[in-house]
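Reader: Please show me the model, and then let me ask how its labels were assigned.

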Amino acid sequence: MPDRTATHPSEPFADVKARVAAAVEAASTEIIDLSHRIHANPEPAFEERQASTWVAEALRARDFEVQHPAGSLDTAIRAVYRGRRGDDGPRIGILAEYDALPGLGHGCGHNTMAASGFGAAIALASVADALPGEIVFLGTPAEERGSGKQIMINDGLFAGLDAALLYHPCDRSHVESHPLASEDVEVVYSGLQAHAASDPWRGKNALDAMILLFGSVGLWRQQLRPTSRVHGIIREGGTAANIIPDRASAWFMLRSDDLAYYDEMKARFSAMAEAAALATDTTVEVTYSGGAMTMRNNRVLVELFRANMAAYGIEDMGDDPNAGSTDMANVSWVCPAIHPDLAICDEGVPGHSIAFRDAAATPRADETTLLAATLVAQTAVDLFLDPAFVEAAWAEFRAG
Ligand SMILES: [Zn+2]
């Protein structure tokens, strides 16, 4: 493991960065305790009451001005700490997720994100005498389902941010990532009940429509681009074998790495759903949830984070070619953002698994959590202390 407490006098702003690293080290017991507590008490999307309360209390104890709940989500946090050099500096967002996976626990390791985000925020607060602007900690619920960050964006909680930073645990360390646009699609067919033996010709079979849709989707898949996905389950398919089902519902997900192609996919999916309704004389309702977008990796922030990583001897292993989806991507359309991943285990341990869940509370994960806090805070220091970086990040953002 790299030496977390090492200082790097040749680095820009080395003195402030060294203070940040020392502040993380000084709070390491509290940071790791927070990670382990959240790991031991997994709460799914929108239900992160305990986790968000622990994080909010810890920030309050460090003199952050804390809103919890924040906006329309009970488990969202917005906590601010002002730099002592006035309000004319940038506003840098430090984000933290804390939701778990139903039935699995912290199989995505978000406990380490909550703890490192807290660590980064308090480390920055400890050098606030040297910083202009505002440190804005955002506790962001519901990453695994429901795109909590989009709800927080709609609630205005990202307004005025100049950059959004976080860290995510992984089996590999890399700064850029290319998550797929993704959303949930609810499909409901409505037909007409009838006795399945005595007068089936009077019925309209909603399950038949659903089976046709699954057939169409299966055939469609062979022509989809390799970077797109469609997958689903049937939730309701009738109540008894001797009743023609009048209602069938399914939960699909569509994903793509290309937003224009994604819109084409949605149009085609809707057409297939309608076609199955037409074929079975049923009606269909297709509801798109709105969801995660594709990620705009801000190169200026990527290079800053990579340089801070390199100072600790961590090499960027390159983009993850097999991305899922994340609502951090939505943030990247609102302000300059990055989604760096750092390894908490050996390469090859799959995400969303028992193995990854167990890895998220090991000494190695703890080390990564502390280092992530330092790296995120040091990247924020670059932005706070050199307005040219903030300007360049925005120039790139505006150029698209
Ligand atoms: Zn995750």
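What follows is a set of questions on labels, with answers.

Author: First, the basis: this is a predicted model in which local features need pLDDT of at least 70 and side-chain atom pairs count only at pLDDT 80 or more, while totals for chains, interfaces and linings use all residues. Residues are numbered from 1 along each chain as its sequence is written, and side-chain values use heavy atoms, with hydrogens and water left out.

Reader: What makes the pair of Phe64 and Tyr81 tilted?

Author: Rings of Phe, Tyr and Trp (its six-membered ring) pair if their centres lie within 6.5 Å; planes under 30 degrees apart count as stacked, over 60 as edge-to-face and the rest as tilted. The centres of Phe64 and Tyr81 are 5.1 Å apart and the planes stand at 55 degrees, so the pair is tilted. Phe64 lies in the loop between helix 3 (49-61) and strand 1 (65-67) and Tyr81 in strand 2 (residues 77-82), so the pair ties together parts 17 residues apart in sequence. Helices (H or I, at least four residues) and strands (E, at least two) are DSSP runs, numbered from the N terminus.

Reader: Why is the pair of Phe214 and Phe252 called tilted?

Author: Their ring centres are 4.8 Å apart and their planes are at 35 degrees, so this pair is tilted. Phe214 belongs to helix 6 (residues 206-221) and Phe252 to strand 9, 38 residues apart. Ring pairs also link Phe214, Phe252 and Phe269 into a cluster. The structure holds four aromatic pairs.

Reader: How do you know whether Phe214 is buried, partly exposed or exposed?

Author: Buried means under 20% relative accessible area, exposed over 50%, and partly exposed in between (1.4 Å probe, protein chains only). Phe214 has 27%, so Phe214 is partly exposed. Phe252 has 1% and is therefore buried.

Reader: Why is Ser35 called buried?

Author: Ser35 has a relative accessibility of 0%, so Ser35 counts as buried. Ser35 sits in helix 2. Not counting residues up to four places away in sequence, Ser35 touches Asn111, Thr112, Ala115 and Ala360, where contact means heavy atoms within 4.5 Å.

Reader: What makes Arg225 lie over the face of Tyr261?

Author: A charge sits over a ring if NZ of Lys or CZ of Arg is within 6 Å of the ring centre and within 35 degrees of the ring normal. Arg225 lies over the face of Tyr261 at 4.1 Å from the ring centre, and Lys266 over that of Tyr288 at 4.9 Å.

Reader: How do the residues of the lining of the largest pocket divide?

Author: There are 17 nonpolar, 17 polar and eleven charged. Ala, Val, Leu, Ile, Met, Phe, Trp, Tyr, Cys and Pro count as nonpolar, Asp, Glu, Lys and Arg as charged, and the others, Gly among them, as polar.
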